[in-house]
Amino acid sequence: MVTTSQRLTPAQAFDALYAFCAPALVRQTYLLTGRRELAREAVERAFQLAWQRWPEVARDRDPGGWVRAVAYDLALSPWHRFRPRYRSPEPPPADPADRALLHALLDLPPAYRRTLVLYDGVGLDLPETAAETEASTPATAGRLIRAREALAAHMPELADPAELHRRLLVLGSTERLRASRPPAVRTDGERRNVFWTRAAIAFTVAIIGATALTLQTAPTRYEAPIAPAQAVRGVPPPAALGPLSREEQALRTKLHQAETSGPERLIPETR
């Protein structure tokens, strides 16, 4: 018997997963970052990566969890602080209680914030939260306890886990965050793939051209290097000048008495 899911094309299956997970995932990512545009960007990029690896993602036991883990990693990347568009803060929520909750969330370390959102926001159990955050179960429990204590210190009413869960849902829902349409995400992902493929081809061609040029201009035989200069040794020092002999003194006197135009024998004689 052939089920409905088996009759879906890859694009239809991807669109169904996107329509089911993307809206909630954008709201969850907003709780991690406090930035609306970054939340949408991280989710869309995660789904683009899922579309690139769709055969692998489609066979995963939890495709939504695969995309969620990638979206959270992208949203919490420390490189966003160097991007000009994300240097200035975004307008906070209008409600004072939501603003206080978001401020308290963003004061948490990223690992604590992610653990709290997964456990108290998404509703995963402790082992699932530990697996998705790549931490041990005791370490995840410790992060969760400390994150709850930090929030309760700012807002005592959030000491109740049920109230914390409700407030997280309300904070994510009141922002009215919307994700792009599935076909647009798939198209952007395919365009990105084409761009990087062409860039890789161009880089490979440049490497091949540089290698060919090197082979053409490189010497074909061995040329011994020029030996470095060395000081010449064994040359005797110049001898100091001694006293002049009589002949040398007479010659010097004759040269001093000669005319400036040269010796007399060089002057033409008239006849």
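Analyst: Glu163 is partly exposed, at 22% relative accessible area; that label runs from 20% to 50%, with buried under 20% and exposed over 50% (1.4 Å probe, protein chains only). This is a predicted model, so local features need pLDDT of at least 70 and side-chain atom pairs need 80 or more, while totals for chains, interfaces and linings use all residues. Numbering starts from 1 along each chain as its sequence is written, and side-chain values use heavy atoms, leaving out hydrogens and water.

The partner of Glu163 is Arg166: their side chains meet in a salt bridge, 2.7 Å from N to O. The term means a Lys or Arg side-chain nitrogen within 4 Å of an Asp or Glu carboxyl oxygen. Arg166 is partly exposed too, at 42%. Both residues sit in helix α10, 3 residues apart, or about one turn. Helices here are DSSP runs of H or I, at least four residues, numbered from the N terminus.

So what does α10 lie against? Helix α10 (161–174) is among the elements covering the buried residues of α9, along with α6, α7 and α8; cover here goes by contact, meaning heavy atoms within 4.5 Å. Those buried α9 residues are Thr140, Gly142, Leu144, Ala147 and Leu151.

The salt bridge count comes to 7.

Technical notes. Helices (H or I, at least four residues) and strands (E, at least two) are DSSP runs, numbered from the N terminus.
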